[in-house]
Every structure is written in structure tokens, then in C-alpha cells.
Amino acid sequence: MKLYSRGQVARRISYGVIVAFILTAVVFYNLGKNQAGKNNSVENNSEEQVQNVRFDESEVVTFDSSSASAEIGLPVANNQVAYTQDETENINVYRNCNEAVVNINTKVTSYDWFWDPYVTDGGSGSGSIIDKRGYILTNVHVISGATKIYVSLYDGSQYEATVVGTDIDSDLAVIKFDPPQGITLKTISFGDSTSLLVGQKVIAIGNPFGMERTMTTGIVSGLGRPIQNSNNRIIRNMIQTDAAINPGNSGGPLLDTNGRMVGINTMIMSSSGSSSGVGFAVPSEIAVRVVNDLLKYGKVQRGVIDATIVQLTNRIAQYAGLDIATGMLVSEVEEGSNADKAGLNGGTKAVYYGSRNTILYLGGDVITKIDGISITSLAEYYSALESKKPGDVVNVVVHRNKKDVTLKITLSE
């Protein structure tokens, strides 16, 4: 074995490190040189390509999107718009009727803690212009309690309106504003609600949540619905629809596909207060009669039974010894009236009723039906007479001495 001194070992290691360093430097130098050559080659090729391109303005071509998209296979929309029959109906109805729908806002009087009056914002709703002179049909609850009524037209102009007449039993009201000279108002005509069928398409236009002349569509979901309104009146033959009706739609028109008003949007059935697809409209059959009377008399001419009546309760029935507990108890009958001549009997035993300020007479007839309509509440009693006029004869079933008796009563004014 050959032995080395410590100095020889150190020299040999130093020589190895130097050789490795030189070899590494040579390798990196060659790599860098090759890469630089490649870059110069690319730059030279690019310069040659640029030199070969000649820009000539006479060769500029206008970009054609249709031809370009055709070349690369992209679909191109046709400028001609085709509407379906349903869309065309909607567009035509809105185009013909939206300018006849107004936005109604009211001011009401409130009182502070010291009972000093001040004016504040009231409710809002919709209405339909039914006459070029400025007559508008809406709901009673839209303008109820208002000290000021303002109507806004489609162009944003606003006018103050006055009340022509109201009818709580149908929740319909007519108001009027004076249009400026030279302005021709658009109007909505009445349709025939008696010819409506379940499933028929209907269109509502109104101002839900203040968004003016909003259009919604739906169908007639039901007919002949007896619905009690906010005035505790039962309106019979209401139109049920799934067209979206929200707060602010009240008083607006429910239209058929010909743009005729077949109903007046009045209320919704909802647990949240917003549309749940169950809305109700007063049929135009009722509206036409109410509007005619309001314009002519300022009120609706309805036939009445000349009697003072009280809704029967279990307590009254038990105290009076009656065998029924529902119906309208006849307290008094006007002497010599049509009801008196027809044989309707009032009571004879006077008792205090309510807060002891009212006297009720017991022992009289109990009205249970009017023209086949069961009468169990005061709302149903008024509803049964809602469509009747003075002079109409109605069949009244009364419970007397534990028996039912039918009377023919001519209604008075």
C-alpha cells in the first residue's frame, strides 16, 4: 500500500476541485452560447417576415360580421322579430290600455300626542279612466279616509281628484279630475263578465308597490266566489284569478284579451300580504250598475226591506226561547210599508240590547233566506240584496213559531 503525507492529500483534493470548477464553467458557457444562437435566429426570421409584409390602404376590407361568423360557423340572429300569438295579445292589450290606468295616492289627516291635526301620506292604488271627461273607477278602500286624492297619468302629470260617489257594499268608487284643454284621455271600456269561463286568459294592469302600469297575466281560476271585503261586506260572484295582484293593484282593471275590463282588482288571499296566486276582482256586471247609479245619483239605488233587523246570536236566541240561533231577527217593521203589507212581523217584547242604549223587540220573525240565499249574518243579508233594485220582488223565508214561512216582499227605495 502506498502511503501519502498530509500535505500530499491536501494538494490532490485542491487539484480535483479546480478541475471540476473548470469543467462546470465550460459546460455553462457552451449552453449559453447555443441559446443565444437560437434567439438570434428567431429574431432574424421575425425581421424577415415583417419585411415581407406590405401595408396597402387600398387593400383594407370592412369587417362583415355575418360573413365572418358564417366562415367560423357562429349562429347569427335575424333582425326580424317574430312574436307568438300569446305575446302579440299581451303587447296589444298593454299598448291599448296602459295609458288609461292611473296611479292614485292619497293624503290623510292624523293627530299628534296633543291632538293637533297634521297631514300625512295615506294609501295608494290604481284606477281606470272610464270617461274622457276624467272619470276614474277604483276601490273604496283605496281612497277611504282621504282628505286629498291625487291621480298620476302615464306621462307623469299629476292632478287632484274629487269623489263622485262611493259604494261600500261593492267596494267601488268613482272619482274625477279635470284634464287640461287639448288633452284627449284614453279610456277602458267594460266587457261582459257573465260570459267568462274558468281557464280563460286575463290580464291585470296596475301599480303594485308603486311601480306604475305593471302588467301581469293569468287565467280565470274560479267564478261566483262570495268574498267578504275589508268593509265586512260579502261581495258575491267575485272573479278569482292567478294573475299576480299585489298591494297597489287595488282598483286597477282585469282585462280580457280584447282589452275590455271584465273585473276590478280588489283583494288577495295571502298569509304574507303579497301575491300568492289567489286574487279577486269585482265583476264588470256589478261595476256597470254601480257606476251608472253613482254618476246619476251619487249613490247606488238598492232595494231594501222596511224593517229593523238584528243578527241573531246564541244568547239572544236562548233569551227569546227560539229553536234556531242563526238568521236575522226582525225587531220592527215600518207600519204601512211594503214589508208590512207582505206580512212580515216585528217583535213585541222590548229589551235592552248591546250597551243598553238600544232597544230590541223580541217575538218577531227570523229571516233565514232571501231568494234562496241562506242568511246567517248581517253581511250575507246585505249581500243578498246587493243586486236588487227598488220595486223588485224577493222571496223571503222567515222562521215563525218553529215553522218556515215564505213571503213575497216588494223592495222599497
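Tutor: Start with Phe 177. Its relative accessibility is 1%, so Phe 177 counts as buried (buried is under 20% relative accessible area, exposed over 50%, partly exposed in between, with a 1.4 Å probe and protein chains only). This is a predicted model: local features need pLDDT of at least 70, side-chain atom pairs count only at pLDDT 80 or more, and totals for chains, interfaces and linings use all residues. Residues are numbered from 1 along each chain as its sequence is written, and side-chain values use heavy atoms, leaving out hydrogens and water.

Now the pairs. The structure holds three aromatic pairs (rings of Phe, Tyr and Trp, the last by its six-membered ring, with centres within 6.5 Å; planes under 30 degrees apart are stacked, over 60 edge-to-face, the rest tilted). One of them joins Tyr 159 and Phe 177: the ring centres are 5.3 Å apart and the planes sit at 25°, so this pair is stacked. Tyr 159 lies in strand E5 (residues 158–167), while Phe 177 lies in the loop between strand E6 (172–176) and strand E7 (201–206), so the pair ties together parts that are 18 residues apart in sequence. Strands here are DSSP runs (E, at least two residues), numbered from the N terminus.

Another pair is Tyr 381 with Tyr 382. Their ring centres are 5.7 Å apart and their planes at 70°, so the pair is edge-to-face. Tyr 381 is buried, at 4% relative accessible area. Tyr 382 is partly exposed, at 33%.

One charge also belongs here. Lys 176 lies over the face of Tyr 135, 5.4 Å from the ring centre (NZ of Lys or CZ of Arg within 6 Å of the centre and within 35 degrees of the ring normal).

Definitions and conventions:
Helix = DSSP H or I, 4+ residues; strand = E, 2+ residues; numbered from the N terminus.
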